[in-house]
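The sequence and structure are shown here.

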Amino acid sequence: MEKIVINGGIPLRGEVQVSGAKNSALPLLFATLLADGVSEISNVPDLRDINTANKLLRELGAEVATESHCCRINTEKIQNIEAPYDLVKTMRASVLVLGPLLARFGQARVSLPGGCAIGARPINLHLKGLEALGATIQLDHGYVEATADKLRGARILFDIPTVGGTENLLMAASLAEGETVLENAAREPEIVQLADALNSMGAIIEGAGTAIIHIKGVSSLKPLKCQVIPDRIEAGTFMIAAAITGGNILVRGAERKDQEALISKLTETGVKIQPEADGLRVIGPKKLSSVDIRTSVFPGFPTDMQAQFMALMTKAEGTSRISETVFENRFMHVCELQRMGADIQIDGHSAIIRGIKKMLGAPVMATDLRASASLILAGLAAENTTEVSRIYHLDRGYEKIEIKLAALGARIWREQE
Ligand code: UD1
């Protein structure tokens, strides 16, 4: 197993290029199942989750070729409609094959993902939506078995906005007969990219990026050609790296419109953020002020930035409260930050953080993807050496993060445990 070692305390300087968004690339890869032929997706990040997605596509019978961040997927010989447990348990987003398989082949068998480190994460809303489109859903030995002679458009009101649920329904409804209306839909930029991509394949979707999306079903779609948008969570992580080290970084690919909530909170802490031609320049202050945050669906503060923002608040002046409203158990990083000296108390769904002058490096363990990023950020700002183990979580969602940070001046490297 590998670990990341950091000798902290260096203000980061320079420019960093953000990779393609994992959470956009995954639904796009699965959307290729909706068409017969060869799709091409560029700017695909080189990540463990993308390898898992490609493995799943191959398992279904697709031919997948990857070269310099470009994936070519040939779906002409799909002969299997099952997403097996060993792949779904490694990556929950595998459930996004459900909508496309059902819409194109009239059946799908997908393992139920079960719980994960950050909460229960059911897929009941995906299933309820597909049933509204006319699918018959049964559970068998831990698998969801979905069948439909023909999907028919329907009005679907989500109890809560769900990113994956909205994506699964967008894909399924694109090939359904008649019109579907998704209400209380998720509004994340990744949803907008998926809708744009589906439209470029011949779908008729309006309203993506708002809470109400209209989809007029079509009888077939053509293969996809598109470029993945920059990863706003990776961008946000580098923005916090500049803030926490008192550095000055140009984050190339960061887009203001996708980062309003984070920008507003960072500005309140004293960080300066200036838009430049192809990104955002982020300048960390000498002293950080404490601010409260509450995670919520887009355009609110992203839950995927909560752990990283908490690392920042450990060294801010005063007390901050971070409330997590999207997932029920997303404070696993707290105990590890405490091992580095952070003063954090958990109070139900909130964490109360009293800022300290300096954290001290320590051996810590990553528990999930964004928690790993939080520990790396803490290590960049801490005195002495921090060793982050179980970094396979990090490799699921950050492409070569230690190499990108080292190029900004950080003393950080990967080594065998
Ligand atoms: C996606 C992102 C993940 C991010 C999350 C919230 C991908 C691959 N992953 O995950 O990085 O943290 O959005 O921004 O894009 N829920 C239900 N029933 C359902 C579906 C969801 O109760 O059928 C609940 C979940 O348990 C959670 C909330 O809804 O509490 C939001 O989850 P959702 O938006 O679906 O997240 P994901 O699509 O899994």
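How many residues of domain 1 are in contact with residues of domain 2? In this predicted model, 24 residues of domain 1 touch 19 residues of domain 2, where contact means heavy atoms within 4.5 Å.

The model is predicted, so local features need pLDDT of at least 70 and side-chain atom pairs count only at pLDDT 80 or more, while totals for chains, interfaces and linings use all residues. Residues are numbered from 1 along each chain as its sequence is written, and side-chain values use heavy atoms, with hydrogens and water left out.

## Domains and their interface

Domain 1 comprises 2–19 + 230–416, and domain 2 comprises 22–227; these bounds come from an automatic or database domain assignment. Taken over C-alpha atoms, the centres of domain 1 and domain 2 are 30 Å apart.

About 1,900 Å² is buried between domain 1 and domain 2, with carbon and sulfur atoms giving 51% of that area. Buried area is the accessible area (1.4 Å probe) that two parts lose on being put together, summed over both. Of the area that domain 1 buries against domain 2, Phe298, Arg396 and Glu399 supply 32%, more than any other three residues.

Two salt bridges are counted between domain 1 and domain 2. A salt bridge is a side-chain nitrogen of Lys or Arg within 4 Å of a carboxyl oxygen of Asp or Glu. Eight residue pairs are in polar contact across the interface of domain 1 and domain 2, with both residues at pLDDT 80 or more. A polar contact is a pair of N or O atoms within 3.5 Å; within protein, one must be able to donate a hydrogen and the other to accept it, and residues adjacent in sequence count only if both atoms are side-chain atoms.

On the side of domain 1 that touches domain 2, the elements giving two or more residues are helix H12 (369–381) and helix H13 (392–397). H13 gives the most to that side, with four residues. Helices (H or I, at least four residues) and strands (E, at least two) are DSSP runs, numbered from the N terminus. By class, this side of domain 1 has eight nonpolar, four polar and twelve charged residues. Here Ala, Val, Leu, Ile, Met, Phe, Trp, Tyr, Cys and Pro count as nonpolar, Asp, Glu, Lys and Arg as charged, and the others, Gly among them, as polar.

Within H12, 13 of the 13 residues are buried, so this helix is largely enclosed by the rest of the structure. Buried means under 20% relative accessible area, exposed over 50%, and partly exposed in between (1.4 Å probe, protein chains only). At the start of H12, the backbone nitrogen of arginine 370 has a side-chain oxygen of aspartate 368 within 3.0 Å.

## Salt bridges

The structure holds 30 salt bridges. Side chains of opposite charge can pair when their charged atoms come close. Some of the pairs are listed below.

| Glutamate 190 | Arginine 232 | 2.8 Å |

Glutamate 415 is partly exposed at 32% relative accessible area, whereas lysine 3 is buried at 12%.

Lysine 257 is exposed, with a relative accessible area of 55%, and glutamate 255 is partly exposed at 32%. Aspartate 343 is partly exposed at 31%, and arginine 354 is partly exposed at 34%.

A network of salt bridges links Glu2, Asp395, Glu402 and Arg414.

## Two loop residues

Threonine 295 sits in the loop between strand S18 (293–294) and helix H10 (306–313), and is buried with a relative accessible area of 0%. Leaving aside neighbours within four places in sequence, threonine 295 has contacts including Phe301, Pro302, Ser323 and Val326.

Serine 219 is in the loop between strand S13 (212–216) and strand S14 (225–227), and is exposed at 74% relative accessible area.
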